[in-house]
Amino acid sequence: MQVLNDFISAVGNTPLIRMNRLSDETGCEILGKAEFLNPGGSVKDRAALWMIREHEKSGALSPGGTVVEGTAGNTGIGIAHICNARGYPCVIYMPDNQSQEKVDILRTLGAEVRVVPTVPYRDDANYQKQAGRYADTLPNGVWANQFDNTANRLAHVESTGPEIWQQTDGTIDAFVSSVGTGGTLAGVSMFLKDQNPNVRTVLADCMGSALFNYVRTGDATMSEGPSMTEGIGNSRVTDNFAGAPVDDAYQVTDQEMVTVVYQLLREEGWFLGSSTGINVAAAAKLARDMGPGQTIVTMLCDGGSKYQSRLFNLEFLRERDLNPDA
Ligand code: PMP
């Protein structure tokens with residue numbers, strides 16, 4: 001029998017899927033890692049599991065303990081599922097610029113959600129800092145700390161990277177990914193470069209983020225925004241992203257993202273979120289620059305249903321001059 005015994009064993013081992021239209025157009029194999037098939041619905045299940053396990057191993061988290069995190073949503077969702085499976089309560093701090101769907105899912109999962117005003121990281125009231133301070137007040141509480149806890153990128157060194165290497169029989173030429181915490185791009189890049197230093201690793205950045213400039217010039221200066229994407233872009237270089245072996249960076253506009261997301265939906269049947277649109281659009285740019293014959297892997301980070309009220313709301317798109325038919 002082939003049986004998974006629990007929630008945790010269902011995290012990872014996601015399929016690699018050919019993006020047909022863009023592969024045919026570019027003459028490359030553009031392959032998406034189907035992270036939306038994780039049991040909590042996103043790539044962040046991996047980071048959530050590795051961080052909770054690390055806190056358990058160190059003894060910081062034990063039965064009766066609480067997990068606290070600051071998150072744009074998906075990490076919190078992963079944490080809430082795993083906390084239910086392991087018997088811990090969790091408290092999630094979220095900025096108030098995220099989709100309501102994510103807040104609703106978190107509450108349904110039993111998380112205590114604290115939605116706080118969106119302020120820059122340098123401000124003490126930033127959601128990440130509030131989460132850290134609150135965890136400190138709990139005798140048996142831990143702060144998962146996805147931005148600077150490198151158990152996050154270790155998840156991708158130990159699971160995502162090896163899966164991609166095996167699934168492509170070691171023939172991968174390039175990996176491209178957007179960055180929120182940087183765990184995915186850093187961890188996968190570290191693993192792949194260890195197997196073959198010639199694998200090209202590339203950042204896909206949304207507008208209004210400092211990371212494109214950081215990779216291109218070494219200076220984390222903000223690019224012009226904003227972007228309607230969620231969970232990606234950053235104004236600072238986190239501990240997870242610091243030192244990542246990244247060769248190049250592309251910027252992707254919201255319109256390019258919307259075009260890709262709607263093409264995937266209407267022509268290939270994939271109902272996926274905005275960071276996936278950024279990733280696949282950047283993979284296509286990279287394919288055009290590298291020329292035919294390359295195998296390029298990217299991440300299909302999460303499904304579309306959390307973005308019903310924004311990305312899949314035509315009124316919302318119209319107000320921002322974004323056109324799903326472009
Ligand atoms: N896409 C989505 C939908 C996310 O929620 C996140 C994480 N915030 C990312 C991409 C980026 O992943 P990472 O944190 O590993 O950089």
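Trainee: How many bridges join strand β4 to β5, and do the two run parallel or antiparallel?

Mentor: Let's start with the general idea: strands of a sheet pair through backbone hydrogen bonds, either parallel or antiparallel. Here, five bridges join β4 (residues 90–95) to β5, and the two strands run parallel. Strands (E, at least two residues) and helices (H or I, at least four residues) are DSSP runs, numbered from the N terminus, and two strands pair if DSSP finds at least two bridges between them. As you read on, keep in mind that this is a predicted model, where local features need pLDDT of at least 70, side-chain atom pairs count only at pLDDT 80 or more, and totals for chains, interfaces and linings use all residues. Residues are numbered from 1 along each chain as its sequence is written, and side-chain values use heavy atoms, with hydrogens and water left out.

Trainee: Which residue in β5 does methionine 94 stand opposite?

Mentor: Methionine 94 stands opposite valine 115.

Trainee: What is the strand order of the open sheet of four strands?

Mentor: The order is β5-β4-β3-β6, with parallel pairing. β5 (112–116) and β6 (141–143) are the edge strands, each pairing on one side only. From one strand to the next, the twist averages 20°. Helix α4 (residues 100–108) packs on this sheet, touching β4 and β5, and its direction makes about 155° with that of β5. For such values, axes are lines fitted to C-alpha atoms, for helices over the stretch in contact, and angles run from 0 to 180 degrees between N-to-C directions. Contact means heavy atoms within 4.5 Å.

Trainee: What is the order in the open sheet of six strands?

Mentor: That order is β1-β2-β10-β7-β8-β9, and the pairing is mixed. Its edge strands are β1 (16–18) and β9 (248–252), each with pairing on one side only. Here the twist averages 30° from one strand to the next. β8 (residues 200–206) and β9 run parallel, joined by five bridges, and leucine 203 has alanine 249 in β9 as its bridge partner. Helix α7 lies across β7 (174–177), β8 and β10 (295–300), running at about 170° to β7.

Trainee: At roughly what angle do the axes of α6 and α7 cross?

Mentor: The axes of α6 (residues 151–167) and α7 (residues 183–195) cross at roughly 50° and come within 7 Å. That makes α6 oblique to α7; angles under 35 degrees count as roughly parallel, over 145 as roughly antiparallel, 65 to 115 as roughly perpendicular and the rest as oblique.

Trainee: And how do α9 and α10 cross?

Mentor: α9 (residues 254–268) and α10 (residues 274–290) have axes that come within 8 Å and cross at roughly 100°. That makes α9 roughly perpendicular to α10. Among the residues that meet there are Met257 and Val260 in α9, and Ile278 and Ala281 in α10.

Trainee: How many aromatic pairs does a search of the whole structure find?

Mentor: The search finds five. Rings of Phe, Tyr and Trp (its six-membered ring) pair if their centres lie within 6.5 Å; planes under 30 degrees apart count as stacked, over 60 as edge-to-face and the rest as tilted. The rings of tyrosine 93 and tyrosine 134 have centres 6.2 Å apart and planes at 55°, so this pair is tilted. Tyrosine 93 lies in β4 and tyrosine 134 in helix α5 (residues 127–136), so the pair ties together parts that are 41 residues apart in sequence.
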